[in-house]
Amino acid sequence: MSEPVLHVSDLRVTFRARNRAVTALRDVAFTLDAGRTLALVGESGSGKSVSSLAIMGLLPKNGSVSGGSIRYRGSSGRVTEITAASEDEMRALRGAEIAMIFQEPMSSLNPLFTVGDQIGEMLLLHSDLDAASRRKRVLDMLELVEIPAAASRIDNYPHELSGGMRQRVMIALAMVCNPKLLIADEPTTALDVTIQAQILDLMRRLQKELGMSILFITHDMGVVAEMADDVAVMYAGAVVEQAGAQELFHRPSHPYTRGLLHSIPRPGRAEGVRLQSIPGMVPPLHAMPTGCAFAPRCARADNICAGPVALRDFAANHRVACFHAEHGVAGV
């Protein structure tokens, strides 16, 4: 079996603030195979975006990888240990091999430069194309992501475009060098449902045409059902369950995963029946409980949950970090 495009194991990320260190990621582990989409899901503060920044080598100055491994297998087959890579090595990978679509395009695009110039800058860094060839390539990308009247939009500034078009520009910018791995951090959160559906359809089509792998970060389980081949569920800085998407939706095994799925509105729900919610709050990073971080919110927790818990094989291609894991029923 070939090595996955991305293999994260035992990843720990620590932030220093006010003369103390807090651990934001605790032994995070997941894999992403070639040509597949892995959804990294969980509520706000679970560690999804920190994971993506660690993979890109873009953690803020007060954050650092304090343990574990991030192995990326590039187009040439060469494996790079990202946690040990130099800044020059990371600059060579970013954009050319690994690209990222950020959550809010208006704050990610530079308001002082045209969208054509910003996409073209990626080619300037990672190709030997001349100016005319770069402009043609940028125009081709804008047409590929279905920007209307691309020839006239190439010289627009970000504020002259709608939210949906700005997100398409972000996709074009991320994909102009044909990366092998695309990280999409909540790429449709700020868009209405019609534009969201168009963006998701576009990403699926481009993935099929270009054969890239996608790490899709979201809290929306509906988007997960539509986009993902595999799912890793995060809670309080750790992965608590990973499985194929169909397996996870039909047989959720971790109490947190089951709680997330119970909270989704479904057609046919009887009038007056309230959605279920997960009681309690995510523990703060500086006051994590010993053992299972979900135990204070879990109805099944007992004394054993105070001990160390790690991902373990639960079924074929299904791993879970829980002492009381059990398969849920279909549709839960």
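## Strands and pairing

Two strands pair if DSSP finds at least two bridges between them. Helices (H or I, at least four residues) and strands (E, at least two) are DSSP runs, numbered from the N terminus. The model is predicted: local features need pLDDT of at least 70, side-chain atom pairs count only at pLDDT 80 or more, and totals for chains, interfaces and linings use all residues. Residues are numbered from 1 along each chain as its sequence is written, and side-chain values use heavy atoms, with hydrogens and water left out.

## The sheet

Eight strands form an open sheet with mixed pairing. Their order is β6-β7-β8-β3-β9-β10-β12-β11. Which strands stand at the edges? They are β6 (98-101) and β11 (312-315). Each has a single partner strand, so one side of each is left without a neighbour in the sheet. From one strand to the next, the twist averages 25 degrees. Axes here are lines fitted to C-alpha atoms, for helices over the stretch in contact, and angles run from 0 to 180 degrees between N-to-C directions.

Strands of a sheet pair through backbone hydrogen bonds, either parallel or antiparallel. β10 (residues 238-244) and β12 (residues 318-320) pair in the antiparallel sense over three bridges. Across from Q242 stands R319 in β12.

## Helices on the sheet

Contact means heavy atoms within 4.5 Å.

β6 is covered on both faces. I98 and M100 on one side are buried, as are A99 and I101 on the other. Buried means under 20% relative accessible area, exposed over 50%, and partly exposed in between (1.4 Å probe, protein chains only). β6 and β7 pair in the parallel sense over four bridges. I101 has A184 in β7 as its bridge partner.

## S46

S46 lies in the loop between β3 (37-41) and α1 (48-56). Is S46 buried or exposed? S46 is buried, because its relative accessible area is 2%. Its side chain reaches the backbone oxygen of E43 at 2.9 Å. Leaving out residues up to four places away in sequence, S46 touches M234, Y235, A236, G237 and A238.

## The aromatic cluster

The whole structure holds three aromatic pairs. Rings of Phe, Tyr and Trp (its six-membered ring) pair if their centres lie within 6.5 Å; planes under 30 degrees apart count as stacked, over 60 as edge-to-face and the rest as tilted. Y235 and Y256 form a tilted pair, 4.7 Å centre to centre with 55 degrees between the planes. This pair links distant parts of the chain: Y235 is in strand β9 and Y256 in helix α11 (residues 255-262), 21 residues apart. Y235 counts as buried at 2% relative accessibility, and Y256 at 0%.

Y235 also pairs with F294. Their ring centres are 5.2 Å apart and their planes stand at 90 degrees, so the pair is edge-to-face. F294 sits in the loop between α11 and β11, 59 residues from Y235. F294 counts as buried, because its relative accessibility is 5%. Together, Y235, Y256 and F294 form one aromatic cluster.

Key
A polar contact is a pair of N or O atoms within 3.5 Å; within protein, one must be able to donate a hydrogen and the other to accept it, and residues adjacent in sequence count only if both atoms are side-chain atoms.
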